[in-house]
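Please look over the sequence and the model before reading on.

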Amino acid sequence: MAVHPGAAQGELSAGRHFLYVAVALSRMEFKLRYFGSVLGYLWSFLRPFLLFGVLYLVFTKIVRAGAGVSHYPVLLLFGLVLFNFLADATMMGLPSLVARESLLRKVSFPRASIPVAVTATAAANLVLGLGVVLVIALVNDVHVRASWLLILPLVLGVFAFAAALALLLSVLFVRYRDVQPVWDVALQFVFWGTPIIYTIDFIPERFRQYVMLNPLAVAVEQGRHWLVGSEVPTAAAVMGSYTELLLPAAVFVGVIVLSVWTFRRRSASLAEEL
């Protein structure tokens with residue numbers, strides 16, 4: 001079936017409009033977040049690394065979970081950077097529509113651009129954090145390898161996943177304010193259920209596939225492999241085969257589809273519900 005040129009051009013124009021609004025809102029969000037603060041952005045950047053320092057000391061000197069694990073500081077920091085981005089993006093995105101109630105009532109623009117813009121703002125720390133991860137990797141005698149380039153599309157996948165969650169949570173929060181405390185608890189489950197402070201080897205083999213259903217766990221495991229090499233197994237090796245990776249991929253796609261479907265269904269009534 002032929003696609004009408006006018007329809008295709010309209011979709012392209014709508015896409016450009018959405019991108020323009022998302023970028024503009026992201027810039028505004030970034031400026032407002034640190035307006036009048038000298039150390040605001042610095043503390044926002046340092047927070048995950050202060051947490052990294054505490055966890056590193058605890059799990060290497062006290063609990064000794066990192067004992068015998070090659071390049072443990074690199075693995076720990078990489079996992080923390082990805083998780084903190086997901087947590088920041090979703091926790092800031094969750095109330096983003098409610099916080100901009102007056103804007104939604106007065107101006108006509110793509111509503112979904114708000115949580116996407118908030119996710120892009122959180123990505124600033126992600127980019128800087130990954131830069132620090134690479135520096136720590138070099139200090140920790142990890143050799144530079146071509147597979148580091150593969151981390152970029154992986155990070156883009158994590159960004160898409162976080163944006164989808166922020167989109168879904170933001171529209172649910174408009175009607176159900178209990179979503180915020182529930183998500184606070186859910187993030188704790190995500191943190192401890194993802195191989196961040198420990199490696200996948202600490203999990204009994206019969207439970208590893210269940211842990212890897214979480215797309216963030218797949219990203220952490222595969223990213224660690226690309227970062228330090230064969231000392232860390234690939235996500236496919238943990239799952240048993242590449243075919244088994246279709247399960248977390250289905251979760252990834254399902255979250256995105258559910259987010260877009262839910263937002264489209266309820267976007268028309270957002271102003272009234274606010």
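## Elements along the chain

Helices are counted here as DSSP runs of at least four residues and strands as runs of at least two, and both are numbered from the N terminus. On that basis, this predicted model holds 13 helices and zero strands, so the order of elements, read from the N terminus, is α-α-α-α-α-α-α-α-α-α-α-α-α.

## Burial, contacts and surface

The protein has 274 residues, and 46% of them count as buried.

## The nonpolar cores

The largest nonpolar core is made up of 62 residues, and those with the most contacts inside it are Leu 82, Phe 85, Ile 197, Met 212 and Leu 227. Two or more residues of this core are given by each of several helices, including H2 (40–62), H3 (72–93), H6 (113–139), H7 (151–175), H8 (179–193) and H10 (215–228). Helix H3 provides the largest share of this core, with 15 residues.

Which residues does Leu 227 contact, once its neighbours within four places in sequence are left aside? Leu 227 is in contact with Val 74, Phe 78, Val 133, Leu 134, Val 142, Arg 145, Trp 148 and Ile 151.

Conventions: Residues are numbered from 1 along each chain as its sequence is written. This is a predicted model: local features need pLDDT of at least 70, side-chain atom pairs count only at pLDDT 80 or more; totals for chains, interfaces and linings use all residues. Side-chain values use heavy atoms; hydrogens and water are left out. Buried means under 20% relative accessible area, exposed over 50%, partly exposed in between (1.4 Å probe, protein chains only). A nonpolar core is a set of buried Ala, Val, Leu, Ile, Met, Phe, Trp, Tyr and Cys residues joined through side-chain atoms within 4.5 Å. Contact means heavy atoms within 4.5 Å.
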